[in-house]
Amino acid sequence: MNKERWDGRYREETYAYGEGPNAFFNTWLPKFEPKSILMPADGEGRNGVYAASSGWQVTAFDLSSEGKAKAMQLASRKQVSLDYIVGDFAEIEFEENSFDAIGLIYAHFPAEKKAEFHQKLHTYLKPGGVVIFEAFSKNHLPYKQANPRVGGPGNMDVAFSIEEIQAYFPNYSPLLLEEAVVELNEGKYHVGQGSVIRFVGRK
Ligand SMILES: C[S@@+](CC[C@H](N)C(=O)[O-])C[C@H]1O[C@@H](n2cnc3c(N)ncnc32)[C@H](O)[C@@H]1O
């Protein structure tokens, strides 16, 4: 989906994927000491705001200005702050070795940009830093066809495989790397069974 479609989805009153964090992110983030974290494609901020509430210093970005507006409302309600940049990741740069963690939660980027974007992310993470990743796998399509309410991309080129994760985050020590069928219950747009890739790895 492009910026206009994301803005349209986030203009709805309720939070598209809920106000609470993704369950996998909620399980893994507390295992690490809160320092700096980058939240790419943070949408309405459910995960960035959760990280900030847990003591992390959060930098988030997303294409959608409506996503940022919702994220700021959520942050204000939770009485936390985060740095949220609106823009296309093609136009956003950070210094090398800037972040202690990167949280990639359903950060589905355009297929032709996917490799380039993940190579950039790899350089932004400090040595010893961690990636926490959950997104739809290339085997998700039958789940979406059986139950459109589970959501996910229509084009499986923007979804992920274990091999891609190994290539994007080379020589990381994996704490977890799996493809799994999970039951999602996140707001209005991730409801039901889906096939996902999950990765937690240290650079
Ligand atoms: C499925 S949503 C996930 C939002 C959030 N991570 C969550 O789990 O609630 C995917 C997000 O990717 C963002 N996105 C897609 N392409 C992007 C790009 N090139 N640069 C920045 N954000 C992008 C969209 O705006 C959208 O908010």
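Which residue stands opposite A135 in β7?

**View 1. The seven-stranded sheet in a predicted model.** The sheet is open and its pairing is mixed. Its strands follow the order β3-β2-β1-β4-β5-β7-β6. β3 (83-86) and β6 (173-186) stand at the edges. Each has a single partner strand, so one side of each lacks a neighbour in the sheet. From one strand to the next, the twist averages 15°.

**View 2. Strands β1 and β2 run parallel.** β1 covers residues 36-39 and β2 covers residues 57-62. Four bridges join the two strands. M39 has A60 as its bridge partner in β2. Helix α4 (residues 65-78) packs on the sheet, where it touches β2 and β3. The direction of α4 makes about 165° with that of β3.

**View 3. Strands β5 and β7 pair in the antiparallel sense.** β5 takes in residues 125-136, and β7 takes in residues 190-202. Seven bridges link β5 to β7. Here the opening question is settled: I197 is the residue of β7 opposite A135.

**View 4. The hairpin of β6 and β7.** These two strands also pair in the antiparallel sense, over 13 bridges. P174 stands opposite G201 in β7. Three residues lie between the strands of the hairpin. In this hairpin, G187 takes a positive phi near 60°. β6 is also an edge strand, with a single partner.

Key:
Residues are numbered from 1 along each chain as its sequence is written. This is a predicted model: local features need pLDDT of at least 70, side-chain atom pairs count only at pLDDT 80 or more; totals for chains, interfaces and linings use all residues. Two strands pair if DSSP finds at least two bridges between them. Axes are lines fitted to C-alpha atoms, for helices over the stretch in contact, and angles run from 0 to 180 degrees between N-to-C directions. Two residues are in contact if their C-beta atoms, placed from the backbone, lie within 7 Å.
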